Amino acid sequence: QVQLVESGGGLVQPGGSLRLSCAASGRTVSGYTMGWFRQAPGKEREFIAAINSDGVFTMQAASVKGRFTISRDIAKNTVYLQMNSLKSEDTAVYYCAAAPGWTKGYDYWGQGTQVTVSS
């Protein structure tokens, strides 16, 4: 079993930055693809970014490309999402998720952390 807990959300002005963390427990996620998703009010959950098991390959959704960076620290069993140049449209609950492989579905999900971008 894997438990994922997101942290680092909060209120930020447009153009600001936040770094989200996702701490895994229960077992190591070193062999897992890790992803970030978000869900805004009234919208479906949206894929944001993913990083493969050894951290050498990442992908980003077009909506955040060039602004958000996913990374991971295998030793700390933690994945991060660095969010820069935040826009009001980035306001959402952000979720961390784990998949057993790059081509596999996401089996584990965190509770989410709220990010609000507002002036």
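Predicted model: local features only at pLDDT ≥ 70, side-chain atom pairs only at ≥ 80, totals over all residues.
Cys 22 stands opposite Val 79 of strand 8.

Cys 22 also takes part in the one disulfide of the structure. Its partner is Cys 96, and the two sulfur atoms are 2.1 Å apart. The link is left-handed, with -80° about the S-S bond. Because Cys 22 belongs to strand 3 and Cys 96 to strand 9 (residues 92-99), the pair ties together parts that are 74 residues apart in sequence. Both Cys 22 and Cys 96 are buried.

Three salt bridges are found in a search of the whole structure. Arg 38 and Glu 46 form one of them, with an N to O distance of 2.9 Å between their side chains. Arg 38 counts as buried at 5% relative accessibility, whereas Glu 46, with a relative accessible area of 24%, is partly exposed. Arg 38 forms a salt bridge with Asp 90 as well, and here the closest N and O atoms are 2.8 Å apart. This pair links distant parts of the chain, as Arg 38 lies in strand 4 (residues 33-39) and Asp 90 in the loop between strand 8 and strand 9, 52 residues apart. Asp 90 is buried, with a relative accessible area of 0%.

A salt bridge also joins Asp 90 to Arg 67, with 2.7 Å between the closest N and O atoms. Arg 67 is located in the loop between strand 6 (58-60) and strand 7, 23 residues from Asp 90. Arg 67 is buried, its relative accessible area being 10%. Through shared partners, the salt bridges join Arg 38, Glu 46, Arg 67 and Asp 90 into one network.

Arg 72, in strand 7, is buried yet has no salt bridge. The nearest side chain of opposite charge, that of Asp 54, is 7.4 Å away. Polar atoms of the Arg 72 side chain instead lie 2.7 Å from the backbone oxygen of Val 29 and 2.8 Å from the backbone oxygen of Asn 52.

Notes:
Residues numbered from 1 in each chain as written. Heavy atoms only, no water. Pairing = 2+ DSSP bridges. Helix = DSSP H or I, 4+ residues; strand = E, 2+ residues; numbered from the N terminus. Disulfide = S-S within 2.5 Å. Buried < 20%, exposed > 50% of the residue type's maximum accessible area, 1.4 Å probe, protein only. Lys, Arg positive; Asp, Glu negative; His and termini not counted. Salt bridge = Lys/Arg side-chain N within 4 Å of Asp/Glu carboxyl O. Polar contact = N/O pair within 3.5 Å; in protein donor to acceptor, adjacent residues only side chain to side chain.
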